[in-house]
Amino acid sequence: MNTLLAGIAVVLAAAFASVIGFTVVSRWVPRRWRVADGDAAGTVYSTIGMVYAILIAIAAIAVWEPRSDVGGNTETEASSLVEAYWSANRLAPQDRDDVQARIVGYLQVAGGTEWDHLRTAHSGTMTAENLSTELRERVDAIRPATDVEQAAHQMLAGQVSAAATARRARIGDADARMPAPLWPILLGGALVSVGFLYLFGLRRTVPNGLMFAALGGMVALMLFVLYQVELPYSRGFAVDPDALRAALETLRGSDGV
């Protein structure tokens, strides 16, 4: 299902459930059990809201940082490989052609089949890992014959190393999730945040019903966004391999690869 449509469905369902709960409680629970001291209840509810907001902030940081890191490392990996490709131009023809072909081959796999595997299995593939390793080994095997080749090789080795480091970091974040205890805590906090208001003894009126619908819908929306951001390569806000694919297109366009 489209992420937008799924989000709308979740918000509407939560809003409806919140209104139904308010209607049932206000109709069937005796009023003497529902009318709390206004000042005391307001103070308690403010504390509940503050604690829940802190939990939401912790959860947001926990899911956003890995996603941000994956995006940054993908950009670093792609740019480093493009620079490595250019650096290889100053090597001996055989070394140049071999290194550039390996860079292109790796980008094809990393931005294609491996990325699809990261989306579904939350892990890299041995094919891409082997291509990355073979590229580094091929660069290490180069024996420069001139000063120009020596300078190019030093730059190339550093760029390939930077790309490999960025790759390891982004693959390491493939299965980054929210700490397990946080989801039940957030769900429980959502129920408390909405359910506690039932104790205020509000009358069954349309404005009060809309207030509960808005509260339930907004809480559900926050949880839905956290869920969609949780896995960097999956769900609605997944990182795309655009940087790797753009790098590949750049190299193909430059030399007609």
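# Chatting through helices, rings and loops

Trainee: Let's start with Arg235: what relative accessible area does this residue have?

Mentor: Arg235 has a relative accessible area of 30%, so it counts as partly exposed. Keep in mind as we go that this is a predicted model.

Trainee: Okay, and where is Arg235 found?

Mentor: Look in the loop between H9 and helix H10 (242-255).

Trainee: What about the phi of Arg235?

Mentor: Phi of Arg235 is positive, about 65°, although the residue is not a glycine. That deserves a second look, because most residues other than glycine have a negative phi.

Trainee: Which ring does Arg235 lie over?

Mentor: Arg235 lies over the face of Tyr227, 3.8 Å from the ring centre. You can find another arginine over a ring too: the charged end of Arg27 sits over Trp28, at 5.3 Å from the centre of that ring.

Trainee: Is His122 buried or exposed?

Mentor: His122 is buried, since its relative accessible area is 18% and the cut-off for buried is under 20%.

Trainee: New topic, rings! How many aromatic pairs are there?

Mentor: The count is six aromatic pairs. One of them joins Phe22 and Phe212, with 4.5 Å centre to centre and 20° between the planes, so the pair is stacked.

Trainee: Which helices do Phe22 and Phe212 lie in?

Mentor: Phe22 lies in helix H1 (residues 3-28) and Phe212 in helix H9 (residues 206-229), so their pair ties together parts that are 190 residues apart in sequence.

Trainee: What about Asn2 and Tyr106, how far apart are they?

Mentor: Asn2 and Tyr106 are 104 residues apart in sequence and 31 Å apart in space, again C-alpha to C-alpha. Asn2 is found in the segment before H1, and at 46% relative accessibility Asn2 counts as partly exposed.

Trainee: Let's do helix packing. At what angle do the axes of H4 and H6 cross?

Mentor: The axes of helix H4 (residues 93-110) and helix H6 (residues 126-140) cross at roughly 160° and come within 9 Å. H4 and H6 are therefore roughly antiparallel to each other.

Trainee: Left-handed or right-handed crossing for H4 and H6?

Mentor: The crossing of H4 and H6 is left-handed.

Trainee: Which residues meet there?

Mentor: From H4, residues including Asp98, Arg102, Ile103 and Tyr106 take part. Among their H6 counterparts are Leu131, Ser132, Leu135 and Arg138.

Trainee: Last one: where is the place of Asn73?

Mentor: Asn73 is in helix H3 (residues 38-87). At 19% relative accessibility, Asn73 counts as buried.

Trainee: So what is Asn73 in contact with, beyond neighbours within four places in sequence?

Mentor: Leaving those neighbours aside, Asn73 is in contact with Ala166, Ala169 and Arg170.

Conventions: Residues numbered from 1 in each chain as written. Predicted model: local features only at pLDDT ≥ 70, side-chain atom pairs only at ≥ 80, totals over all residues. Heavy atoms only, no water. Phe/Tyr/Trp six-rings, centres within 6.5 Å; stacked < 30°, edge-to-face > 60°. Helix = DSSP H or I, 4+ residues; strand = E, 2+ residues; numbered from the N terminus. Lys NZ or Arg CZ within 6 Å of the ring centre and 35° of its normal. Axes fitted to C-alpha atoms, helices over the stretch in contact; angles between N-to-C directions. Parallel < 35°, antiparallel > 145°, perpendicular 65-115°, else oblique. Left-handed = near helix turned anticlockwise from the far one by under 90°. Contact = heavy atoms within 4.5 Å. Buried < 20%, exposed > 50% of the residue type's maximum accessible area, 1.4 Å probe, protein only.
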